[in-house]
Amino acid sequence: MIRIGLVIALLGLTLAAPALAQDEIVVTGTKRAGTEPQQVTGVGIKRRADFAVQRVTVYGDTRDKTARRAEILATVRSAIEAAQKRGLALSYGGAVIRPLTLANYASVLEFDDDDDRDDAEQVGFIIKAPLKDADALTAIDRMSSFIKAVPTSGRATIKADGEAGVSIVDPSQYRSQIIAAIAADATAAAKQFGEGYAAQVGNLAQPVRWILTSPTEVLLYLPFSLDISAKD
């Protein structure tokens with residue numbers, strides 16, 4: 001029996017860690033220090049991200065620790081209240097983010113020390129703007145204007161931290177669409193070898209992965225193997 005083996009390897013990025021159902025994932029195009037950007041070639045689906053996101057830092061340097069933290073948290077509270085009026089939302093977390101609300105902000109945000117000063121601290125959170133119109137620049141402008149408009153308390157300040165990115169809600173919900181795309185591609189590949197050949201796809205029992213392909217677009221994909229062999 002003639003057998004032709006073809007394996008397609010889809011390499012996942014560090015940014016493309018597995019996600020659990022209903023997780024909201026932050027996706028950025030920034031490569032990690034000391035690493036080269038990896039390329040992903042293969043089958044997946046592209047879709048617009050759900051939100052533009054911007055990390056921000058609230059910094060305080062009032063000498064008294066109790067007063068300093070009170071000013072920082074008061075500024076965060078002002079941000080939450082202002083966001084609701086502007087059609088924006090706030091979140092906290094790293095690659096996976098959760099809603100930041102008036103009910104939880106004082107307990108979920110962690111104070112980080114300033115390495116250069118003993119009397120300064122900061123907290124960080126994320127601003128989210130819906131990408132309904134797929135216009136990243138408009139969303140970024142909205143978030144920038146919001147940061148400037150947030151009322152601050154005492155000596156606390158608020159500023160953007162790094163570049164804007166995007167987020168996508170529950171990547172796993174697109175699993176069946178990705179598998180359908182893989183199946184169509186595998187079928188087409190087998191036909192290239194003639195009617196006597198069939199495709200067999202394996203290694204699909206893996207989490208959905210993702211990579212940013214444009215300011216507002218994300219490629220969702222699954223690592224898989226494809227074997228094309230002669231029919232029995």
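This is a predicted model: local features need pLDDT of at least 70, side-chain atom pairs count only at pLDDT 80 or more; totals for chains, interfaces and linings use all residues.
Q: What makes E5 and E8 a pair?
A: Three bridges join strand E5, residues 89–93, to E8. The criterion is at least two, so E5 and E8 pair. Their sense is antiparallel, and within E8 the bridge partner of alanine 89 is lysine 128.

Q: Why is E7 called a strand, and why is E7 said to pair with E8?
A: A strand needs at least two residues, and E7 covers residues 112–113, so E7 qualifies as a strand. E7 and E8 share two bridges, and at least two are required, so they pair. The sense is antiparallel; aspartate 113 has glutamate 121 of E8 as its bridge partner.

Q: What makes strand E8 mostly covered?
A: Of the ten residues in E8, which spans residues 121–130, seven are buried. Buried here means under 20% relative accessible area.

Q: Why is alanine 230 called buried?
A: The cut-off for buried is under 20%. Alanine 230 has 14% relative accessibility, so alanine 230 counts as buried. Alanine 230 belongs to strand E14, residues 225–230.

Q: How far apart are alanine 230 and glutamate 195 in sequence and in space?
A: They are 35 residues apart in sequence, and the C-alpha to C-alpha distance is 9.0 Å.

Conventions
Residues are numbered from 1 along each chain as its sequence is written. Side-chain values use heavy atoms; hydrogens and water are left out. Buried means under 20% relative accessible area, exposed over 50%, partly exposed in between (1.4 Å probe, protein chains only). Helices (H or I, at least four residues) and strands (E, at least two) are DSSP runs, numbered from the N terminus.
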